[in-house]
Every structure is written in structure tokens, then in C-alpha cells.
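Below are some notes for a colleague who has not seen this structure before. Please read them with the model open.

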Amino acid sequence: MKKMYKIFIAILLISLTQQLFAQPNRDNKREKIQSLRIAVFTEVLNLTPAEAQVFWPLYNEYSQKIRDIELTKKEKNLEIRKNYNSMTEKDFDKVIDEYLNIERKKLDISEIYYDKMKKVIPVKKVFLIPKAERQFKRKLLEIIKERRR
């Protein structure tokens with residue numbers, strides 16, 4: 001019994017140690033990704049320091065709302081994969097409606113936040129946001145590919 005207790009404690013300590021060391025690494029990665037995003041956006045949008053100061057809080061808010069919607073969509077996809085073979089035509093019709101609603105929500109959020117951004121940075125720079133997002137994703141993928149080699 002004491003041996004089982006010692007093994008349990010050892011496993012618990014090992015897992016806690018791994019979690020403690022893993023967390024800063026994850027935070028460090030997020031910081032690096034955010035730094036890359038800021039660099040790419042600043043370059044593509046040619047943001048001044050004053051513009052960046054008002055742009056980033058709005059953009060981060062916008063991104064979080066879009067991520068939340070995408071998470072909902074991802075959860076829905078997992079549910080569909082699990083139940084695909086047992087779903088009826090009516091179920092698929094409902095799923096299509098839900099997907100369309102998700103896309104409408106994303107479009108509504110984009111419209112609201114692009115209007116807000118037009119008030120703090122020039123419209124030409126707002127127009128370039130999708131380009132900056134694509135370039136950021138492309139550079140991030142390049143970095144990931146390089147690290148895998």
C-alpha cells in the first residue's frame with residue numbers, strides 16, 4: 001500500500017513539474033507569434049505609433065470574437081464527424097443553416113469592426129487588413145516548416 005502511495009506521489013510530482021515547465025514555453029510561443037503578427041501588420045499597413053496604439057486593441061477584440069465563432073464551428077464539425085452516419089436529411093439541413101448563420105455572424109462582426117477601425121486609421125489601411133492577415137499566416141507557416149526540418 002505504501003509503495004502504491006509513493007508511486008502515485010511520484011507520478012503527481014512529475015506531471016506537475018512538466019506542467020510548470022510547459023506553461024512558460026507556451027506563453028513564450030504566444031508572445032513570439034504576437035510579435036510576428038505585429039511586425040507583419042505594421043509593415044503591410046504601414047502603421048504609425050499613434051495608429052498602432054488605437055488599432056491593436058480593436059483588432060485584438062475583433063480577432064477574439066472571430067476565434068470564438070470559429071471555435072463554435074470547430075465543435076460543430078467534431079459533433080458532425082461523430083454522428084455523420086446516423087444523421088438524417090433533416091439533420092444535415094439544420095447543419096447547413098447553422099453554418100450559414102456562423103458565416104453571417106463572422107461577416108457581421110467584420111463589418112462592425114471594420115467600421116470602428118475606419119474611425120481610427122485610414123480606410124486604405126483598413127482595406128489592407130486581409131492582406132496583412134494572409135501574409136502573417138504565410139510567414140508563420142514558413143517558420144513552422146523550417147523548424148520541422
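The points below go from the overall fold to the charged side chains.

1. Basis. This is a predicted model, in which local features need pLDDT of at least 70, side-chain atom pairs count only at pLDDT 80 or more, and totals for chains, interfaces and linings use all residues. Residues are numbered from 1 along each chain as its sequence is written, and side-chain values use heavy atoms, with hydrogens and water left out.

2. Fold. The protein chain has five helices and zero strands, in the order α-α-α-α-α from the N terminus. Helices (H or I, at least four residues) and strands (E, at least two) are DSSP runs, numbered from the N terminus. Of the contacts with a separation of 6 or more, 73% are between residues 24 or more positions apart; contact means heavy atoms within 4.5 Å.

3. Surface. The accessible surface of the protein chain is about 12,000 Å², and carbon and sulfur atoms hold 59% of that. Accessible areas come from the Shrake-Rupley method with a 1.4 Å probe, and for residues only the protein chains shown count as cover. Of the 149 residues, 23% are buried. Buried means under 20% relative accessible area, exposed over 50%, and partly exposed in between (1.4 Å probe, protein chains only).

4. The whole structure holds seven salt bridges, each a side-chain nitrogen of Lys or Arg within 4 Å of a carboxyl oxygen of Asp or Glu. One of them joins E70 and K106 at 2.4 Å, N to O. E70 belongs to helix α2 (residues 49–83) and K106 to helix α3 (residues 89–118), so this pair ties together parts that are 36 residues apart in sequence. E70 is partly exposed at 30% relative accessible area, whereas K106 is buried at 18%.

5. A second pair. K76 and E98 form a salt bridge with their closest N and O atoms 2.9 Å apart. K76 is in helix α2 and E98 in helix α3, so the pair ties together parts 22 residues apart in sequence. K76 is buried at 17%, and E98 is partly exposed at 22%.

6. Separately, salt bridges with shared partners join E70, K73, E103 and K106 into one network.
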